[in-house]
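Hi everyone, thanks for coming.

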Amino acid sequence: MTTASSTDTGSPARRGAESHDLLRVHGARVNNLKDVSVEIPKRRLTVFTGVSGSGKSSLVFDTIAAESQRLINETYSAFVQGFMPTLARPDVDVLEGLTTAIVVDQERLGADPRSTVGTATDANAMLRILFSRLGQPHIGPPNAFAFNVPSVRASGAITVERGAGKTEAVKATYQRTGGMCTRCEGRGSVSDIDLSQLYDDTKSIAEGAFTIPGWKSDSFWTVRVYAESGILDPNKPIRRFTKKEMHDFLYGEPTKVKVEGVNLTYEGLIPKIQKSMLSKDREALQPHIREFVDRAVTFTACPECDGTRLSEAARSSKVAGISIADACAMQISDLAAWVRERDEPTVAPLLANLGRTLDSFVEIGLGYLALDRPSGSLSGGEAQRVKMVRHLGSSLTDVTYVFDEPTTGLHPHDIARMNDLLLRLRDKGNTVLVVEHKPQTIAIADHVVDLGPGAGTAGGTVCFEGTVEGLRAGDTVTGRHLDDRAALKEKTRTPSGVLEIRGATAHNLREVDVDLPLGVLCVVTGVAGSGKSSLVHGSVPPGAGVVSVDQGPIKGSRRSNPATYTGLLDPIRKAFAKANGVKPALFSANSEGACPGCNGAGVIYTDLAMMAGVATTCEECEGKRFEASVLDHHLGGRDISEVLAMPVSEALEFFADGEARTPAAHRILTRLTDVGLGYLTLGQPLTTLSGGERQRLKLATHMAEKGGVYVLDEPTTGLHLADVAQLLQLLDRLVDAGKSVIVVEHHPAVMAHADWIVDLGPGAGHDGGRIVFEGTPADLVAARSTLTGEHLADYVGA
């Protein structure tokens, strides 16, 4: 009876369960989505396509994944929710059939100096347990091998309550053995400060000896503390300080002093600089401070731990002649082989688990990394794949995996491996949603959702839903470009010179000698981990004339927008000020012109504790961000809020001629149009831009810099097939204008369009680091001697 009823497919219960085979979205209006309604099949691989900025991430991440996460958070108690990030309900009418969503995005892993590939995954934790059990000599528990844990010893009396108001002093000792190197505090490097960059020792403090940016003679917190503390003679040239005075000046302990009745703390110059500038993330510093730090500070491997971050005791304990520092420095593929060779029944489950984790790295194409690699140095694509390691061996099924361009940073050879992993996740009974542009990944989809037709306000609608074959036959931008193949150049440009690189040894490079041609479009390629970025960023001198555009994320709050980021707002404010005879600061929503009701934010936030906060449009300025009197001033018949609401293409015409003619603003707008961002509005918050839009915004900004050599790191990241053609035109314009363009790239269309190709390999990690080909794309295709050559030949149909 029981067996028969459970296999009866006609039972009402069975039919009810099968009715939940679709994930339904109705009336989604997040960001630029225009009442989007889609039905996504569960337990299938669905790829979302469309031009950059068409609304893919808004639908997948900001609607489906965000609502799933919010509903899961609501299952916890109000107390627990108070400690979790609050998520607002997406602007959507109906969301049905949601399952638990696991988001694997391209957000960089934390750039904390102590964060490594090993600490970001569970690999380091398992290695520490392994060495604490098997290491000889035995030095202590797993913490003794952790470079994030310092050794601590303490002793003294503690007060113990015995009841009835009685207390007793008991002597206690406390000891914790950690693995942190005491010299570098687990960072692996120490900073050496060039004192000549901090002050001019021929002058006295009173004469303005300090050469540190921002240190003005009238500042209480900097110069005046040294000049008026009474600890130093402000009128004596620094080079004439006695030994004690020099020690107090450079390394003095924090001391309370009074300057004109104000209580301040005097501290030696070196610790003061370390706290104020060196303890912060370099990328978060202002440009002029960053330039000073780069000039004044050199970071060298810690001499005590040799850059391993670990104490001498942690390095002394070994398993089969290998210390934990040696294990973390190994290439992961080699470490996985070493773990498999260990035959220790007492820790067999641990070895099996560690082996699976390390094999997952190899399987996902990251076998060339080492566990001690700083996580902040990983590219966006590498960071995303490191996050995937956690999910590959998971026993969970019937969950929704959401991926953001998982093929970013992958050579065509590696994309096939990534496709296999996506299909494996699907075959375990999971719903896999992928935002992607690469034709190789679109081709394996069970279902495709194409958004568009354009970007920004011209997008936000579903242009196609169905199979890959249907997409090819459909008349959408993606469908038309899906089978695009760039042809090899019939004639390549002649170099005007060469950039010589000799004996390059950064990371895995093996004494590489190469001449990168100047005055042409040069592409550096090779499989992921072959040494491309090490060659270009580590060997091309970043001095005068070199403009480097990397994949680092744009930093900015919701108050930042394209106008503020590119510097466009400065000439606009000056033009408004000149036309109306007022101060430029009035036309800044972050300064004097800000609406007093919302402080220039345009919205008012109401915090509701553990529930999602509410943002309401400011009633005073109606979301325009400026106070009413500022909007009475006009330029060319428009007020400042109307100008910031313009798309770039409209603003380009507005500032071209007539009363509003502003050449400085027009130049910046021209660059934004050149990189394909004509549809963005000037005041659109940076937080709403897609990854591809941010990369191109950064490129447009760097195009203003005076330089003869442009170094671009995978500029096609986040770009639709149709946008790649526009990018190639931009690169051609740069070269034709007399610039040299060096591109680190995997995209076959960019390779085919190059004048010269440098191919690194043949493999990744210690299997790479060599030049395997130099020459024209046509020669590479004809030779088919490398993995790149084979894939490029297939791409161009040779």
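This is a predicted model: local features need pLDDT of at least 70, side-chain atom pairs count only at pLDDT 80 or more; totals for chains, interfaces and linings use all residues.

Residues are numbered from 1 along each chain as its sequence is written, and side-chain values use heavy atoms, with hydrogens and water left out.

How many disulfides does a search of the whole structure find? The search gives 0, where a disulfide is a pair of cysteine sulfur atoms within 2.5 Å. For C302, the closest cysteine sulfur is in C305 at 3.7 Å, which is too far for a bond. C302 is buried at 0% relative accessibility, while C463 is partly exposed at 32%. Here buried means under 20% relative accessible area, exposed over 50%, and partly exposed in between, with a 1.4 Å probe and protein chains only.

Now the helices. Helices are DSSP runs of H or I with at least four residues, strands are E runs of at least two, and both are numbered from the N terminus. Helix α13 (residues 332–341) packs against α14 (residues 348–363) at about 155 degrees, with axes 9 Å apart. Those axes are lines fitted to C-alpha atoms, for helices over the stretch in contact, and angles run from 0 to 180 degrees between N-to-C directions. The pair is therefore roughly antiparallel, a label for angles over 145 degrees. Where do they meet?

One joins Q136 and P137, with omega about -5 degrees, and P137 sits in the loop between α6 (123–134) and β6 (152–163). Another joins G452 and P453, with omega about 0 degrees; P453 is in the loop between β16 (447–452) and β17 (461–466).

D306 is exposed, at 65% relative accessible area. R625 is also not a glycine, and its phi is positive at about 80 degrees, but R625 is buried at 14% relative accessibility.

Last one: D200 lies in the loop between β8 (189–193) and α7 (223–228). Setting aside residues up to four places away in sequence, D200 touches A209, T211 and I238. D200 and I238 are 38 residues apart along the chain, and their C-alpha atoms are separated by 7.8 Å.

Methods:
Angles under 35 degrees count as roughly parallel, over 145 as roughly antiparallel, 65 to 115 as roughly perpendicular and the rest as oblique. Contact means heavy atoms within 4.5 Å.
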